[in-house]
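Dear colleague,

Please find below the structure that I am handing over to you. The notes that follow it set out what was found.

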Amino acid sequence: MDIKAARCCFFCCIIVLLKREGGAMLTAMRKNNEIISLLDPWEKQELLTLRVKESFSCPACKEPVRLKLGTRKAWHFAHERMACEIETEPESDYHIKGKKQLFESIFRNHATVSIEPYLKSIKQRPDLLVTSSLSPIALEFQCSTIPHDSLSRRTISYISKGIRPVWILGGNRLKRKSFSVFSLTPMDFLTARMKEPEMIYLTYYCPISQQLAFVYDIHTISPSSVFASVIFEKNVSLRLSTLINPSLPQQFPYEDWLAVKRKWRLGKQFPFTNSSFFHKRFYELGMPVSLYPCEAGIPTKFDYWFETPGYLWQSWILLKLIPSYGRDEVFSFRDIYEEMKILRAKKIIKIRNLKFLKETHYSFSIADYLIKLSRLGLLEQVDGLTFKRREKAKLPSSLEKAFACDREVLDFLYSKK
Ligand SMILES: [Zn+2]
């Protein structure tokens, strides 16, 4: 058996993840086709006796499963031979415990919930299926990394049956690099849900600390690092409404964003491999990237769409696109967006795969940026999304001046609200 130690980052505990041994489950089918659930209050001796007399099979693939009653891992059923043909989480003690706890707390809070039901028509076996007055919810507790295709396929098949998928990531996946900085993988991003069009969030659960965590108000720092807020909820207060519509207080810590801008300028962290295009353009303009304009690299609504860091795509708008218009010449958001689409087509600017989010688009971030530039006095908002050029961007002559004017810009945008 392959045993891997994994650090449960935000809960500061060490857990041992036991890797795949053929799809373990908390439920199985008895010879009489009844479902047996290990969530029922069994005594160990009862199960030991039952194991001798009975044989069990997987409700999905019908292959024989063994009842495992060891001490190291929560009791479970495991496929005797190979992994189940149904795509499920490779089972670990962490996963089994989390699934059990989520089931128990949702059950305790009066929702109708079933564990590991096999949905024959779509060949899926969600960890939990919750039926409420709204549409049914398939709850998936995902602790391991699975291919994007697999996560997408499962999401699409639930949606096709009118079931709302809710992916809860294992707390072991939450990597907090500093107070406001987190690492997220493309798979993590695919589980994002929307609070409001401009605010997406990810949900985590740790069965060891028995806490839920919501990571929200996500802004891109690099393809794999984001700036975000996090809020924790104890499992005991886990109501279905908390899970489906958590309350997420607005609290953008803009002082911390200054540290992000600083690191971009120093170029020491958040390496970004596709930056050579921008570096060349800065070179042509006779300036080092570290002295990018103070009005670039500001957080915008919807900027979670970009993999490309904000200081690069916003510098491009400030230094290349806007100067192509004369002073007082009117241009629209659309003109800028069309230019950005070209960069996207050339893969110079990268946009994330967030195909399950509706009513949001990366272009909204560009629009918000132009509006923010109007507030800063660089543009004049003529009407809706048409603008006139006014002032030039501030190009700092030294790093020291850059840090000071970064602060001025953010102070203006955030502290005078
Ligand atoms: Zn099976």
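A crossover is called right-handed if, with the strands pointing away from the viewer, the path from the first strand over the helix to the second runs clockwise. Helices (H or I, at least four residues) and strands (E, at least two) are DSSP runs, numbered from the N terminus. Please note that this is a predicted model, in which local features need pLDDT of at least 70, side-chain atom pairs count only at pLDDT 80 or more, and totals for chains, interfaces and linings use all residues. Residues are numbered from 1 along each chain as its sequence is written.

The chain as a whole

The chain contains 11 helices and 21 strands. Its C-alpha atoms fill a box of roughly 85 × 40 × 40 Å along the principal axes. Of its 417 residues, 38% are buried; a residue counts as buried if 20 or more other C-beta atoms lie within 10 Å of its own, as exposed if 12 or fewer do, and as partly exposed in between, with C-beta atoms placed from the backbone.

A right-handed β-α-β unit is made by strand 11, helix 3 (residues 148–160) and strand 12. Strand 11 (residues 137–142) has 6 of its 6 residues buried, so it is largely enclosed by the rest of the structure. In a regular strand, side chains alternate between the two faces of the sheet. In strand 11, Ile137, Leu139 and Phe141 point one way, while Ala138, Glu140 and Gln142 point the other way.

Two strands pair if DSSP finds at least two bridges between them. Strand 11 runs parallel to strand 12 (residues 164–170), joined by 6 bridges, and Ile137 stands opposite Arg164. With strand 10 (residues 128–131), strand 11 pairs in the antiparallel sense over 3 bridges. A hairpin through 5 residues links strand 10 to strand 11, and Val130 stands opposite Ile137.

Another 3 strands form an open antiparallel sheet in the order 19-21-20. Strand 19 (330–332) and strand 20 (379–383) are at the edges with a single partner strand each, so one side of each is left without a neighbour in the sheet. Strand 19 pairs with strand 21 (residues 386–389) over 3 bridges, and Thr386 is the bridge partner of Ser332.

A loop residue

Lys31 is found in the loop between strand 4 (27–29) and strand 5 (35–37). Is Lys31 buried or exposed? Lys31 is exposed, because 10 other C-beta atoms lie within 10 Å.

Yours sincerely
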